[in-house]
Amino acid sequence: MGGVLEFLIFFLIGLVGMEFVAWFTHRFIMHGVLWCWHRSHHRERQGVFELNDLFAVFFALPAIVLIYLGTEAGHGWALALGLGVTGYGVIYFVFHDGLVHRRFRVPLNRRRAFWRHRIEAHRLHHSTSTREGAVSFGFLIVPSPQSLKQALMKKRNRQA
């Protein structure tokens, strides 16, 4: 039984921990040194893909390594962690590319309060097309739209 509980704990660490990794990466890397890639996501997409899609490849690499270590080297914790990271990636892909940006159909009700709150937060993030001045860098854990609107107004007033 300990093996299943340990697996579940590491899976959840990977799944939930990715929210913090994604927030940090989005805030300081995507809106920092790799803005040259992420900029494409703050503009109207031309075609099926955008340069920003390359981030998915880089986020997948640690998960692939962890899953490999788990299956080939017998480290159950690494497999669980890698699957948790992968699970976050799937949830993010369905939410972000499906529900928010409507790149494909998703069988979820975007009008439900849980999703509507996150969609609004992401739209507020996209209300700026520059690397500075953006709000809401998270995905699952996001402030209320009201507080994001206030933060956005503060940032815009400082830049004016």
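At what angle do the axes of helix H3 and helix H4 cross, and within what distance do they come? This tour of a predicted model begins with that pair.

Residues are numbered from 1 along each chain as its sequence is written. Local features need pLDDT of at least 70 and side-chain atom pairs count only at pLDDT 80 or more, while totals for chains, interfaces and linings use all residues, and side-chain values use heavy atoms, with hydrogens and water left out.

**First stop: H3 and H4**

Select residues 54–72 for H3 and residues 76–100 for H4; their axes come within 7 Å and cross at roughly 150°. Helices here are DSSP runs (H or I, at least four residues), numbered from the N terminus. Axes are lines fitted to C-alpha atoms over the stretch in contact, and angles run from 0 to 180 degrees between N-to-C directions. H3 is therefore roughly antiparallel to H4 (angles over 145 degrees count as such). The crossing of the two is left-handed, that is, the near helix is turned anticlockwise from the far one by less than a right angle.

Next, show the side of H3 that includes Phe-59, Ala-63 and Leu-66, and, on H4, residues including Trp-77, Leu-81 and Val-85; these take part in the contact (heavy atoms within 4.5 Å). By class, this contact has eleven nonpolar, four polar and no charged residues. Ala, Val, Leu, Ile, Met, Phe, Trp, Tyr, Cys and Pro count as nonpolar, Asp, Glu, Lys and Arg as charged, and the others, Gly among them, as polar.

**Second stop: H4 and H5**

Select Phe-95, His-96, Leu-99 and Val-100 of H4 with Trp-115, Arg-118, Ile-119, His-122 and Arg-123 of H5 to display the contact. Its classes are five nonpolar, two polar and two charged residues.

Now select Asp-53 and Arg-103, whose closest N and O atoms are 2.8 Å apart in a salt bridge (a side-chain nitrogen of Lys or Arg within 4 Å of a carboxyl oxygen of Asp or Glu). Asp-53 lies in the loop between H2 (35–38) and H3 and Arg-103 in the loop between H4 and H5, so the pair ties together parts that are 50 residues apart in sequence.

Shared partners join Asp-53, Asp-97 and Arg-103 into one network.

Note on methods
Parallel < 35°, antiparallel > 145°, perpendicular 65-115°, else oblique.
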